[in-house]
Amino acid sequence: MKLLIVEDEPNLLSILRKGFAENNNEVSVALDGKTALEMINNYNFDVVILDVMLPDINGIEICRRLRASKNFVPVLLLTALGTSENIVTGLNAGADDYLVKPFKFGELDARVNALNRRANQDTEKVDTIVISDLEINSKAKSVKRDGESIILTAKEFKLLYYLAKNTGRIVSRDQILDNVWDINFDMNTNVVDVYITYLRKKIDKPFKTKLIHTMKGLGYILKP
């Protein structure tokens, strides 16, 4: 899993980072709310582990902002405030789970794995993704734009589907290589740029509105 841990207490952050890394997860960290929001908006994470008490923007407000922007990355809140009222506030703000400090790492690990499984199951239930006049059917492997069928190769479809699952979010070339091509693929290749060009010729060029956008220095984004 790709995890983001948002925690301003150095000792706890070190323990969590070490524990999740040892379980073969890719772990990123943020020490404050502002940095966390920037990272979540610019990169894809499977689960966010979010401390409630942060030095600038608290975890509850971060959840509210994420859900208001239609970002539904799974969020698990960590807090020393264990009253029912605080738990209800966190869940109503958009958190998916809640764990009160102190806790055992094994329980946190199990909850994070459960959130990831649930998110993957929910994604698999969605057969059709619609962005503006673009329709992508994952089961039929079919694509239409403005009612017109578009024929894609298997790799072109996989790339478009990955972009569509992350609609409105920037995905880097490395992320695309990890998810669309073999993870051990030569990271110096320009294959991503080549296939983006292929997609644009089929998805964008024949139509008035562009959906695939280049974010210089960051990657690509699919959005209306």
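Visitor: At what angle do the axes of α7 and α8 cross?

Guide: The axes of α7 and α8 come within 10 Å. Axes are lines fitted to C-alpha atoms, for helices over the stretch in contact, and angles run from 0 to 180 degrees between N-to-C directions. On that basis α7 and α8 cross at roughly 85°.

Visitor: How is α7 oriented to α8?

Guide: Angles under 35 degrees count as roughly parallel, over 145 as roughly antiparallel, 65 to 115 as roughly perpendicular and the rest as oblique. The crossing at roughly 85° therefore makes the relation of α7 to α8 roughly perpendicular.

Visitor: What pLDDT do local features need in this predicted model?

Guide: Residues are numbered from 1 along each chain as its sequence is written, and side-chain values use heavy atoms, with hydrogens and water left out. The model is predicted; totals for chains, interfaces and linings use all residues, side-chain atom pairs count only at pLDDT 80 or more, and local features need pLDDT of at least 70.

Visitor: Which residues of helix α7 are buried?

Guide: Helices (H or I, at least four residues) and strands (E, at least two) are DSSP runs, numbered from the N terminus. Buried means under 20% relative accessible area, exposed over 50%, partly exposed in between (1.4 Å probe, protein chains only). The cover over the buried residues of α7 includes β1, α6 (154-165), α8 (191-203) and β11 (219-222). In helix α7 (residues 173-180) the buried residues are Gln175, Ile176, Leu177 and Val180.

Visitor: Which residues of α7 make the contact with α6?

Guide: α6 and α7 pack at an angle of about 125°, with their axes 10 Å apart, and are therefore oblique to each other. On the α6 side the contact is made by Lys155, Lys158, Leu159, Tyr162 and Leu163. On the α7 side it is made by Gln175, Ile176, Asn179 and Val180.

Visitor: How is α2 oriented to α3?

Guide: Helix α2 (residues 33-42) and helix α3 (residues 59-68) have axes 10 Å apart and pack at an angle of about 25°. That makes the relation of α2 to α3 roughly parallel.

Visitor: What is the relative accessible area of Lys2?

Guide: Lys2 lies in strand β1 (residues 2-6). Beyond residues up to four places away in sequence, Lys2 touches Glu26, Asn44, Phe45, Asp46, Val47, Gln175, Asp178 and Asn179. Lys2 is buried, because its relative accessible area is 18%.

Visitor: What is the relative accessible area of Arg17?

Guide: Arg17 sits in helix α1 (residues 10-22). Leaving aside neighbours within four places in sequence, Arg17 is in contact with Ile5, Val27 and Val29. Arg17 is partly exposed, because its relative accessible area is 42%.

Visitor: How far apart do the C-alpha centres of domain 1 and domain 2 lie?

Guide: The protein chain is divided into domain 1 (2-122) and domain 2 (128-222), with bounds from an automatic or database domain assignment. Their contact takes eight residues from domain 1 and eight residues from domain 2. The C-alpha centres of domain 1 and domain 2 are separated by 29 Å.

Definitions and conventions:
Contact means heavy atoms within 4.5 Å.
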